[in-house]
Amino acid sequence: MGDTQTSQRSDDAPLSTSKDDRREQVRAALVDPKGDTLVGKTVTINRPRAELYAFWRDFTNLPQFMENVVSVEPVGEGRTHWTVKAPAGKTVEWTSAVTEDQPDQSIAWASEEGADVANSGRVEFRDAPGGRGTWVSVTILYDPPGGVIGKVIAKMFQREPAIQARRDLRRFKQLMETGEIATSAFTRQQHEEEM
Amino acid sequence: MRALTWHGKHDVRVDSVPDPEIINPRDAIIRITSTAICGSDLHLYDGYIPSMKAGDILGHEFMGEVVETGAGSTLKKGMRVVVPFTISCGSCFHCSKHQYSACDNELPADNQDIAQPIYGQPMAGLFGYSHMTGGYAGGQAEYVRVPFSDVGPIVIPDGVDDDKVLFLSDILPTGWMAAENAQIEPGDTVAVWGCGPVGLFAVQSAFLMGAERVIAIDHFPHRLELAARFGAETINYEQTKTYDALMEMTGGIGPDACIDAVGLEAHGFFADNVWDQIKVSTFLGTDRAHSIRQAIVACRKGGRISMPAVYGGFVDKFPLGALMEKGLTLKTGQTHVQHYLPALLNAVMEDKIDTTFLISHRMPLEDAAEGYRLFHDHQNEVTKVVLKPGMDRSPNEESRHGIQ
């Protein structure tokens, strides 16, 4: 989570849960920080760390559970090109490079120059206590398109990254634990419309 | 297909809707042969449960025949199954602890946002019970899609009548877990508030678990008669002061264990209930909670409270002081149906538990809306309505119900 402790901090809670603005500390912990809005979320998944890391490390897997990600395509040298749904039927695109890769532990990435939405982040995999599988923590920094107003509009359309990250992590957990993503759809047509 | 759909308070209709289809690998499609209206369906009928949408298919007590299976289902076409009302994945931490109704994975990711702010974590997924519990279509229909069909449904041996095993879907395990949560010891006196189906199964279960006496509390004479048939002593709270009676009937000690099988729509003209009703109707509170308050106050010191009753939101005037000062234990929760199914199926097959006594009305699915009205308006006589999608809808059939 990039939770560098400083002299100001007097507890062990993740920076993303701080009542104060801790973005600078998060930025300081990332290799190539991009973006200014912080999202942090942890989920427990009842699967081994190595399996979860391997699934995530192949970025082309991510659209399976990241609802707004249309596609992730490898473009060489470990870089990937992302196409992501945005409000009002639009899409945004960027190319991302891996900035840090510790097998079975963590992956960090940052968007390259020219991104529609500058962003960077890290996913960390830790053994959960008590043999409960793995803690998966995602930290994302991003610049919302259109600044604060863009963020409000995105939220109205439920494409706000904080909401999306929370739901995507739940879907990741479902896919890894049960092999499928829960839906209450009744017919296949209804299911496709929801996607 | 035809299905019973919700359209608003006291407005349910049998409509034509699309047939369900296999969507995920572990799904199965079941052709419903029997499905019951549950007391908790009346909470939906009365408009107490939020996050309902017009057109939602109701029903969470059902059984039928497997007609289609996904690649990951362990069921086979033609099998007869009873389906638990709780949907559980079988592979998360909670399922591994047999806390099936606390499953992490069966609620669509977006629906999980509805309950989290109120409850702290997302709720369990249930069939036909609002979008807070997943928005899954229910079983008061000709067909239903059953997710995680390799974990939930229990296969019923040939030759066993639907009516005998249908209640394995919800109310029998719920009554059993209620008694288990009361941690009954030999010699105990157990008081049960509410002689609906769950209360009546709790009465039977409490005796099987070694209770020496069970005291059943209700105001419907017919329901009290049913409880008495299983050996319970009875209190009619319209004629009797319940707390005073419980104290006198236990030599001034109070019951060792108290089971609240009433819940958020408690009847009765009590001061706290009237206040609750005013608050519910003005949205200052959500639940009417007379029975749980009385159970806590009546319970003996160091005793146990079990609360299978459904509560959805907030109450005040909750006797927290009595709970603490008397050192009571309170256990509750949605039923972990899958955990109890194999043993309870055996108990039913061996006639240790009587299930069919409960059914007062059998009707075709087409008459489901009438079934809701009957159940809602005549709770003394109508103990359980079972809908049969294949049943003939003849005028003679209707006159057989007695109460119209």
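The request and its answer follow.

Student: Please look closely at chain B: how is chain B divided by the domain assignment, and which strands make up its open sheet of six strands?

Tutor: First, the ground rules. This is a predicted model, in which local features need pLDDT of at least 70, side-chain atom pairs count only at pLDDT 80 or more, and totals for chains, interfaces and linings use all residues. Residues are numbered from 1 along each chain as its sequence is written, while chains are lettered from A and ligands numbered from 1 in the order in which they are written.

Start with the division. Chain B is assigned domain 1 (2–169 + 336–399) and domain 2 (171–332). Such bounds come from an automatic or database domain assignment. The centres of the two domains of chain B, taken over C-alpha atoms, are separated by 26 Å. Across the boundary, 26 residues of domain 1 of chain B are in contact with 19 residues of domain 2 of chain B. Contact here requires C-beta atoms, placed from the backbone, within 7 Å.

Two elements give two or more residues to the domain 1 side: helix 1 (39–45) and helix 12 (337–349) of chain B. Helices are DSSP runs of H or I with at least four residues, strands are runs of E with at least two, and both are numbered from the N terminus. Helix 12 of chain B gives the most to that side, with four residues. By class, the side of domain 1 of chain B that touches domain 2 has 12 nonpolar, eight polar and six charged residues. Nonpolar covers Ala, Val, Leu, Ile, Met, Phe, Trp, Tyr, Cys and Pro; charged covers Asp, Glu, Lys and Arg; the others, Gly among them, are polar.

Now the six-stranded sheet. In chain B this open sheet has the order 13-12-11-14-15-16, with parallel pairing. Two strands pair if DSSP finds at least two bridges between them. Strand 13 (233–236) and strand 16 (329–332) of chain B are the edges, each pairing on one side only. On average, neighbouring strands of this sheet are turned by 20° against each other, direction ignored. Axes are lines fitted to C-alpha atoms, for helices over the stretch in contact, and angles run from 0 to 180 degrees between N-to-C directions.

Strand 12 (residues 213–218) of chain B pairs with strand 13 of chain B in the parallel sense, over four bridges. There, B:A216 has B:T234 in strand 13 as its bridge partner. Helix 6 (residues 197–208) of chain B lies across strand 11 (189–193), strand 12 and strand 14 (257–260) of chain B. Helix 6 runs at about 170° to strand 12 of chain B.

Next, the three-stranded sheet. This open sheet of chain B has the order 2-1-4, with antiparallel pairing. Its edges are strand 2 (11–16) and strand 4 (56–57) of chain B, each pairing on one side only. Strand 1 (residues 2–8) and strand 4 of chain B pair in the antiparallel sense over two bridges. B:T5 stands opposite B:I57 in strand 4 of chain B. Helix 13 (residues 368–377) of chain B packs on this sheet and touches strand 1 and strand 2. The direction of helix 13 makes about 160° with that of strand 2 of chain B.

Strand 18 (residues 385–388) of chain B has pairings in both senses. Strand 3 (residues 28–37) of chain B joins strand 18 through three bridges and runs antiparallel to strand 18. B:A36 stands opposite B:V386 in strand 18. Strand 17 (residues 361–364) of chain B is joined to strand 18 by four bridges, and these two run parallel. The bridge partner of B:P364 is B:K388 in strand 18 of chain B.

Finally, the partner. The contact between the chains takes 26 residues from chain B and 20 residues from chain A. On the chain A side, helix 4 (161–178) and helix 5 (188–194) each supply at least two residues. Helix 4 of chain A gives the most to that side, with seven residues. The chain A side divides into three nonpolar, nine polar and eight charged residues.

Methods: Contact = placed C-beta atoms within 7 Å.
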